[in-house]
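Visitor: I'd like to learn how to read side-chain contacts in a model like this one. Can you walk me through it?

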Amino acid sequence: MIPSIATVCVSGTLQEKLEAIAAAGFTAVEIFENDLIAFPGSPAEVKRICGDLGLAIVTCQPFRDFEGMPDGRRQRVFDRAERKFDLLQELGSDLLFVCSNTSPEALSGIGRLAADFTELGERAGRRGLKVGYEALAWGRHVFDYRDAWEIVRRANRPEVGIVLDSFHVLSRRLDLSTIGTIPREKIAMVQMADAPLLQMDYLSWSRHWRCLPGQGELDLSGFMRALVATGYDGVLSLEIFNDRFRAGSARSVALDGHRSLIWLLDETARTIGQPIPGAVPMPAPGPVEAVEFIEFAVSEVERPGFERLLRTLGFARTGRHRSKDVDLWQQHDIRIVLNSEDDGFAHSYQITHGTSVCALALRVPDAQAATARAEALLDVPHAGAVGPGELDIPAVRGLGGSLIYFIDRASALGRWSEVDFEATGESAAGVGLTGVDHVSQSMQYEEMLTWLLFYSSLFDTRKAPSQAVLDPGGVVQSQVIESGLDGQTGHGLRLILNGSQSHRTLSARFVTDFFGSGVQHIAFATNDIVDTVQKLVANGLAMLPIPENYYDDLEARSELAPAAIAAMKALNILYDADAGGSFRQAYTQTLDGGLFLEIVQRDGYAGYGAPNAGIRLAAQARLARPMTVPAPSRG
């Protein structure tokens with residue numbers, strides 16, 4: 001299949017859109033009519049620009065309110081069609097894209113509508129052109145692709161085919177089996193869009209909430225299986241109407257679009273177990289077994305304070321890098337790398353963002369395969385400086401310019417800490433932290449779909465439905481992505497993406513103060529949160545104070561014993577439960593730079609304490625000032 005995209009998907013002028021689409025690697029494009037009308041030049045000039053950029057023009061769409069018009073209007077619509085044919089020939093395109101009629105004047109009747117397309121096909125044929133007919137989900141009489149196909153079939157013209165659009169088909173939850181019976185030569189083109197499952201009118205849903213494949217909840221897999229059954233190998237074009245995309249970078253959205261189609265074809269080929277024309281060969285997506293390490297970029301000035309924090313949290317410095325100003329800190333399965341090099345990637349990141357998480361190392365079954373998949377998906381590789389005898393750990397650019405490293409245990413990469421670091425012999429009793437439970441990344445609201453696609457296309461993941469979390473300063477949209485949580489190979493990956501349109505929320509203020517998107521929150525797991533938090537408090541760590549009203553309410557709505565609630569209240573521990581079990585969580589106060597930490601105890605619980613999010617956000621808003629790291633005790 002031939003990947004394509006409509007200019008309506010991206011922001012900017014037509015020239016800017018076409019340049020972004022070409023830069024993303026597309027070779028075919030749909031010109032949206034409004035973009036052409038606003039262009040200060042002729043259609044022939046648009047054809048030249050596309051030719052110079054290596055873009056073939058699939059169609060200029062849409063052609064509206066054609067079929068079923070009453071006799072007094074019928075001749076006028078055919079006159080409009082002839083002018084549209086002129087335009088297509090000047091653009092160098094051969095497909096007239098007709099969407100089903102929405103006019104209140106339109107008449108019904110399959111025979112009448114088919115007759116209109118018979119005549120339109122004859123006229124197109126005389127010019128060497130084709131016609132494609134799409135059933136809009138909100139069409140006046142034709143809103144089901146099966147009716148559109150019956151009209152095309154009865155028109156019985158070789159020039160007339162059907163246009164299949166995944167949104168129009170799936171939003172109405174139409175049966176997909178008929179798609180597989182359509183002869184492939186009668187499919188003029190296919191348009192793809194995903195969307196969240198919403199209860200609203202089809203037009204508003206389509207105009208504002210479409211998204212790229214992999215970013216929504218529609219059954220694209222079922223649609224693609226039915227399409228592949230026809231043997232279709234033509235244009236597969238994105239048509240996305242989305243307010244976030246209109247506010248975002250044209251180049252970023254176009255690149256995401258190409259990535260989404262690459263992922264979709266690969267996913268479909270794996271689902272049906274056979275190759276698909278146009279699919280890019282790549283390794284299968286694997287799970288994330290664990291967060292292998294978290295790397296902080298730390299200035300020399302701030303390093304002593306950060307090291308005190310790590311010791312307060314129970315970490316020990318277990319390794320010194322053999323050639324760089326980098327240390328390894330560890331507690332059980334949690335590894336923290338502190339990088340204070342005075343040049344290179346981490347240094348540049350620290351200058352921009354201050355002391356912060358500059359990289360996540362994710363353990364996967366096969367790092368080489370993960371790297372190859374990332375490259376096939378157009379992710380940006382990163383090559384850092386590698387000293388003599390050091391490991392070259394593969395990486396790609398992640399959120400906000402940070403890095404994602406790939407590490408496995410099947411290769412030499414599994415010995416990264418031994419190869420790159422000299423053991424210090426230092427150890428610590430710890431405070432009971434056992435692993436990284438989850439990581440939360442805050443970003444611009446417009447970026448959320450980009451990073452959802454990045455993670456879900458690269459790894460074998462599960463995404464939970466998006467949630468709206470109430471912050472005192474506005475609403476925060478929160479999206480959970482999970483991978484490798486079977487417990488057989490590690491802690492897996494739990495990732496939370498947060499974005500807000502309000503500039504007053506905690507996540508939005510973090511993005512502003514941080515000068516970009518990044519890791520705002522790390523949650524560490526423990527098997528005994530009461531013991532762990534007691535030790536942290538004894539070490540001098542300031543925990544986030546929770547109001548007494550919370551515990552009064554908890555006593556009223558839960559079956560917890562008063563003594564258990566009293567113990568949690570004394571330590572500012574929050575509680576939730578689901579069908580699987582219970583969950584306890586406690587937060588530190590906010591560190592300089594906006595980062596905060598969470599301690600969690602899971603006992604069969606699958607969520608993230610969503611009912612407590614508003615309590616936590618209100619408590620953080622009340623403090624609204626960074627905590628200070630305690631000085632080391634003397635004596």
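This is a predicted model: local features need pLDDT of at least 70, side-chain atom pairs count only at pLDDT 80 or more; totals for chains, interfaces and linings use all residues.

Visitor: Which salt bridge does Arg123 form, and how far apart are the closest N and O atoms?

Guide: The general idea is a side-chain nitrogen of Lys or Arg within 4 Å of a carboxyl oxygen of Asp or Glu. Here Arg123 pairs with Glu119, with 3.0 Å between the closest N and O atoms. Both sit in helix H5 (residues 110-126), and because they are four residues apart there, about one helical turn separates them.

Visitor: Which parts of the chain does the salt bridge between Arg373 and Asp266 link?

Guide: That one also has its closest N and O atoms 3.0 Å apart. It links distant parts of the chain: Arg373 is in helix H14 (residues 367-376) and Asp266 in helix H11 (residues 250-272), 107 residues apart. Both residues are buried. Then there's Arg363 with Glu289, at 3.2 Å from N to O. Arg363 is buried at 4% relative accessibility, and Glu289 is buried at 12%.

Visitor: How many salt bridges does the count come to?

Guide: The count comes to 41.

Visitor: On to rings. How many aromatic pairs are there?

Guide: There are 21. Take Phe32 and Phe241: the ring centres are 6.0 Å apart and the planes are at 75°, so this pair is edge-to-face, the label for planes over 60 degrees apart. Phe32 is in strand E2 (residues 28-32) and Phe241 in the loop between strand E8 (235-238) and helix H10 (243-247), so the pair ties together parts 209 residues apart in sequence. Phe32 is buried at 9% relative accessible area, and Phe241 is buried at 5%.

Visitor: What sits over the ring of Phe241?

Guide: The charged end of Arg207, 4.4 Å from the ring centre. Likewise, Arg602 lies over the face of Tyr608, 5.0 Å from that ring's centre.

Terms used: Residues are numbered from 1 along each chain as its sequence is written. Side-chain values use heavy atoms; hydrogens and water are left out. Rings of Phe, Tyr and Trp (its six-membered ring) pair if their centres lie within 6.5 Å; planes under 30 degrees apart count as stacked, over 60 as edge-to-face and the rest as tilted. Helices (H or I, at least four residues) and strands (E, at least two) are DSSP runs, numbered from the N terminus. Buried means under 20% relative accessible area, exposed over 50%, partly exposed in between (1.4 Å probe, protein chains only). A charge sits over a ring if NZ of Lys or CZ of Arg is within 6 Å of the ring centre and within 35 degrees of the ring normal.
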